[in-house]
Amino acid sequence: NKSMSRTSLAKKLLLPLFTDLCLNSNTIAHCSFSLGCGGAERQLLTTVSGLSKHGFNQHVVCSSLSRQQDLHFKNQIIAEGITPHDAHAFPHHEITKNMALQRFRFFPSRFSRSIAAYVGTLHVLSPQIVHVWSGNIHALIAAVLLNIPRIVISWQSISPIERSQHRRFSTSLTDRARHQIYQFFYKNIAT
């Protein structure tokens with residue numbers, strides 16, 4: 001039996017998943033905290049590179065690209081023909097961003113501003129798929145808020161014991177957030 005490397009195994013497993021998800025989709029937004037020197041960022045680059053070779057339209061949106069340490073993989077992402085975006089510096093759709101800020105006003109200010117930044121950025125980019133990396137809960141909540149058709153979550157370092165608890169929590173959180181978000185938008189937009 002031939003031993004398969006992690007990268008080739010990931011390509012074998014993930015490419016069909018993305019191909020299936022993207023058949024009728026135009027855009028994928030990959031959301032990460034940064035492009036710093038880390039394992040998730042390296043895996044993001046590998047994924048973006050592989051999908052670029054297959055002609056997918058992609059965006060990389062980060063929570064921060066303002067510090068030098070956040071830019072380790074920036075040139076490689078650009079070499080793939082993709083411009084990385086800083087969610088906080090992106091020209092937002094102000095009405096959508098302000099609605100998100102209003103909805104999450106009970107959260108700590110920094111947390112709600114981060115959600116609002118992703119809401120504004122993802123609203124402008126209008127992806128059909130959001131790929132959330134490294135536990136980026138801000139991007140996940142923004143994708144749910146915007147009712148993005150497909151959300152792929154790639155969170156690492158969760159032990160097998162914690163996975164079932166995490167799955168229950170994230171499903172419950174997603175369901176509750178979606179319900180509250182629908183109620184908010186229905187009351188504020190439909191009326």
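Where is Ser 134 found?

Analyst: The model under discussion is predicted. Ser 134 is found in the loop that lies between strand S4 (129-133) and helix H6 (137-145). Its backbone deserves attention, for Ser 134 has a positive phi of about 55° although it is not a glycine.

A second residue with a positive phi is Asn 147, which is likewise not a glycine and has a phi near 55°. Asn 147 belongs to the loop between H6 and strand S5 (150-154). Because its relative accessibility is 41%, Asn 147 counts as partly exposed.

Among the residues in contact with His 30 are His 131 and Trp 133. The side chains of His 30 and His 131 also make a polar contact, at 3.5 Å. Further contacts of His 30, with its neighbours within four places in sequence left aside, include Leu 44, Thr 47, Val 48 and Leu 51, as well as Gln 58, His 59, Val 60 and Val 61. His 30 counts as buried because its relative accessibility is 0%, the limit for a buried residue being under 20%.

Among contacts between residues at least 6 apart in sequence, 65% join residues at least 24 apart. The protein chain has seven helices and five strands, and from the N terminus on its elements run α-β-α-β-α-β-α-α-β-α-β-α. Buried residues make up 42% of its 191 residues. The accessible surface comes to about 11,000 Å², and 53% of that surface belongs to carbon and sulfur atoms.

Helix H4 (residues 94-103) packs against helix H5 (residues 109-125) at an angle of about 150°, and their axes are 8 Å apart. H4 is therefore roughly antiparallel to H5, since angles over 145 degrees count as such. The crossing of these two helices, H4 and H5, is right-handed. Where they meet, H4 contributes Thr 96, Lys 97, Ala 100 and Leu 101, while H5 contributes Ser 112, Arg 113, Ala 116, Val 119 and His 123.

How values were computed:
Residues numbered from 1 in each chain as written. Predicted model: local features only at pLDDT ≥ 70, side-chain atom pairs only at ≥ 80, totals over all residues. Heavy atoms only, no water. Buried < 20%, exposed > 50% of the residue type's maximum accessible area, 1.4 Å probe, protein only. Contact = heavy atoms within 4.5 Å. Polar contact = N/O pair within 3.5 Å; in protein donor to acceptor, adjacent residues only side chain to side chain. Helix = DSSP H or I, 4+ residues; strand = E, 2+ residues; numbered from the N terminus. Areas by Shrake-Rupley, 256 points an atom, 1.4 Å probe, with all protein chains shown as cover. Axes fitted to C-alpha atoms, helices over the stretch in contact; angles between N-to-C directions. Parallel < 35°, antiparallel > 145°, perpendicular 65-115°, else oblique. Left-handed = near helix turned anticlockwise from the far one by under 90°.
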